[in-house]
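Reader: I would like to learn how to read a sheet and its charged side chains from coordinates. Please take one feature at a time.

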Amino acid sequence: MITIEDFRTNLVSYAERVQRVREHIKNEEATKVALILPFIALLGYDDRDPTEVSAEHAADFSDKYKNRVDYAILKEMNPIIAIECKSVGNGKKDDRGQLKSYFNASKSVKLGILTDGIIYDFFCRL
């Protein structure tokens, strides 16, 4: 179990890394690899274990509308956190509707995150 102080130290280190590499990130995929996957790991999830972190996870509202969330954090193979990623500098308020559709598609999702790797907007199911 990680202590609060260790978590704080890791978070500060992560923030310093973000500042150092952000200008070199040119697209969404690079954002995911350089910023978002390390953030998921910082939170204590194994981003290399598909039973814990699922990339391009199905979030279908119906057979007609096929949606995928960039990452889903799983608990007992059910998504509990949905993460929608945008490239650095391109996190827009308009993308909140996309995240909302994931909430509607999966009742087990309790937390949604919309991020460009720099700014993280958190949404929770009430």
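**Sheet, helix and salt bridges**

Author: Note that the model is predicted. Helix α2, residues 28-42, lies across β1, β2, β3 (78-85), β4 (111-115) and β5, and runs at about 15° to β2.

Reader: In what order do the five strands of the open sheet stand?

Author: The general idea is that strands of a sheet pair through backbone hydrogen bonds, either parallel or antiparallel. Here the order is β1-β2-β3-β4-β5, with mixed pairing in an open sheet. Because β1 (53-58) and β5 (120-124) have a single partner strand each, they stand at the edges, and one side of each lacks a neighbour in the sheet. On average, neighbouring strands are turned by 30° against each other, direction ignored.

Reader: How many bridges join β1 to β2, and in which sense do the strands run?

Author: Five bridges join β1 to β2 (residues 68-75), and these strands run antiparallel.

Reader: How do β2 and β3 pair?

Author: β2 and β3 are also paired over five bridges, in the antiparallel sense. K75 stands opposite N78 in β3. The hairpin of β2 and β3 has two residues between the strands, and E76 takes a positive phi near 55° there.

Reader: Is β2 largely enclosed or open to the outside?

Author: Six of the eight residues of β2 are buried, so the strand is largely enclosed by the rest of the structure.

Reader: Next, the charges. How many salt bridges are there?

Author: The general idea is that side chains of opposite charge can pair when their charged atoms come close. The cut-off for a salt bridge is a side-chain nitrogen of Lys or Arg within 4 Å of a carboxyl oxygen of Asp or Glu. By this rule the count is six salt bridges.

Reader: Which residue forms a salt bridge with K32 at 3.5 Å?

Author: That residue is E28, where 3.5 Å separates the closest N and O atoms. Both K32 and E28 belong to helix α2 and are four residues apart, about one turn of the helix. K32 also meets E29 in a salt bridge, at 4.0 Å from N to O. K32 and E29 are three residues apart in helix α2, which means about one helical turn lies between them.

Reader: Which residues are linked with K32 in a network of salt bridges?

Author: The network links E28, E29, K32, E56 and D70.

Reader: Which side chain meets R48 in a salt bridge?

Author: The side chain of D47 meets that of R48, at 3.7 Å from N to O. R48 counts as exposed, at 69% relative accessibility.

Terms used. Residues are numbered from 1 along each chain as its sequence is written. This is a predicted model: local features need pLDDT of at least 70, side-chain atom pairs count only at pLDDT 80 or more; totals for chains, interfaces and linings use all residues. Side-chain values use heavy atoms; hydrogens and water are left out. Two strands pair if DSSP finds at least two bridges between them. Axes are lines fitted to C-alpha atoms, for helices over the stretch in contact, and angles run from 0 to 180 degrees between N-to-C directions. Contact means heavy atoms within 4.5 Å. Buried means under 20% relative accessible area, exposed over 50%, partly exposed in between (1.4 Å probe, protein chains only).
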